[in-house]
Amino acid sequence: MSPSRNPRRLAVTAAAAALLTVVPLGVPAAYAQVTRVRQGSATDAARANWSGPAYTMNGSGGIVTATMAKAVDAIRGGTGAIDVVVIAGSGTGTPECDVITPLAGVNSCTTLTLTAAADGNNSQVNTDVRNAEFVYFAGGDQCRYVAWKGTALEASVESVVAKGGGVGGGSAGHHVNSDVVYDACAASATSATALANPYDRSMTFTTGMFRWPNYAGTINDSHFVTRDRMGRTIAFVARAVKDGLVTGGKAWGVGVEEGASLFIDRAGRATLSGPSAYVVLGDHQPEVAASGQPLTYRDVKIWKLTNGQSYDFANRPTCGYYLRSVRAGVPDGGLYDGTPVTDCSSTPPPSGGSSYAEVEPNDSRTAANDIAGLTFPATVTGDMRSTTDRDYFSLTLGAGQTLTVTCAVPPAYDADLYLLSATGSTLTRSVNNGAGTDESVTLTRTASGTATYHLDLEAYAGSGTADYACTVAKS
């Protein structure tokens, strides 16, 4: 709930009152009236072409002037003025339009307060939205917002983006703008609750409402650090992947801190204004995600953004992240800060696969990095930092599956590749001589069932920080 949307708040100055019109719109007697408050010009801007889309994703309910001004300017292409509509599910104030109306390039700002699902079919509401160039969903209760799925309002908002306008939202309004919406219709989940049981009654989702260009597969979260929501976002991502709420087996949580805002341009590039935002990627099935059981989800990838930093949603990076895990409902420490395990300089993964950079210490089978959850073919990178370095990686192979591992070794050292059983027996190996000589092994599992195997890359001669890159494929 956004504190600025207090139902008792309806205060405007005498100067603003001259530019403001309050109109209750008729609806069936079973519902409260829809309230329409317009500020600025009484006449809509008239123009055939706009330069968006543009988006603002805010961690709390209020407008962040920096990103709102960028969105306005991007949509109008630097000239002319746009009309903005703010949609709220409760309250009688106009805190968002009070900030938006004075901005350069704004022709008008209209606050529409809708209090029932049927209000999504109100004709004046839909006329206002379709005539606008930007729609902002206020803070409040996202369960009210998802009730408008399937109404005329859903299509009207989509038409704004389609004509080169934009959308945004804060808090609850941020939630409703993602591909998968955490709707909180039963209760609001805490991180502790979500990690203890990712199928708790508070963990409910709506899909199929809005899917904005370049923003597929996302689940938004708000008030992120202040309310310690990293844990629940990891649980959101786990549920999305496990339940097939997203396509391709990957889900991206987008958590924005209070007072922060992501401006996303028409090319899909998000730039942060404010304290912090996080992108949380689950690119494999959670190890344990079942009703009544604590979550286990290893090696979730996390990108942290600070003021001025960017994330490309159109070409989503496969590097620059740090890793965190949840085991039996208990998250790793340091959820909100970490050292990236890859700096984007290593070999990119094959098309359609995952990438993984070794995490030391992984010098034995018991300390092996678990890569079983990667999407294959995958690229695994690391280095031989000493002449005695050994890097272990564990994965599984099912009956009839063939594993092929090919490692590109840099000229700085000679490394040998071994494939071991779960008990450490050598099943096959590649020990070609010479620094910079590649190694490759292949094994087909002929036994029934699934078993764990270990890849062991060992320094034979030389050392260095140059990365090896192993392509790991299953067929």
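Is C109 buried or exposed? At a relative accessibility of 0%, C109 counts as buried, where buried means under 20% relative accessible area, exposed over 50% and partly exposed in between, taken with a 1.4 Å probe on protein chains only. The structure is a predicted model, in which local features need a pLDDT of at least 70 and side-chain atom pairs count only at pLDDT 80 or more, while totals for chains, interfaces and linings use all residues. Residues are numbered from 1 along each chain as its sequence is written, and side-chain values use heavy atoms, with hydrogens and water left out.

The mean pLDDT of the protein chain, that is, the predictor's confidence in each residue on a scale from 0 to 100, is 89, and 91% of the residues reach 70 or more. Over residues 1–19, however, the pLDDT is below 50, and this stretch has 32 contacts in the model beyond near neighbours in sequence, a contact being heavy atoms within 4.5 Å. Residues 346–351 also stay under 50, with 13 contacts beyond four places in sequence.

C97 lies in helix α3 (residues 95–100) and C109 in strand β5 (residues 106–113); helices (H or I, at least four residues) and strands (E, at least two) are DSSP runs numbered from the N terminus. The link of C143 and C185, with 110° about the S-S bond, is right-handed; C143 lies in helix α5 and C185 in the loop between β8 and α8, so the pair ties together parts that are 42 residues apart in sequence. C185 is partly exposed, at a relative accessible area of 38%. A disulfide also joins C407 to C470, and both of these residues are buried.

In soluble globular proteins, nonpolar side chains tend to be buried together. Here the largest nonpolar core has 90 residues, and those with the most contacts inside it are I87, V129, F137, V157, L262 and V405; such a core is a set of buried Ala, Val, Leu, Ile, Met, Phe, Trp, Tyr and Cys residues joined through side-chain atoms within 4.5 Å. Strand β4 (residues 82–88) gives the largest share of this core, 6 residues. A second, separate core of 31 residues includes A184, A194, V246 and V280.

An open sheet of 5 strands runs in the order β20-β22-β27-β24-β25, with mixed pairing, where two strands pair if DSSP finds at least two bridges between them. β20 and β25 stand at the edges, each with a single partner strand, so one side of each is left without a neighbour in the sheet. Within this sheet, 8 of the 8 residues of β24 (residues 413–420) are buried, so the strand is largely enclosed by the rest of the structure. In the hairpin of β24 and β25, which has 5 residues between the strands, G424 takes a positive phi near 100°.

How values were computed
A disulfide is a pair of cysteine sulfur atoms within 2.5 Å.
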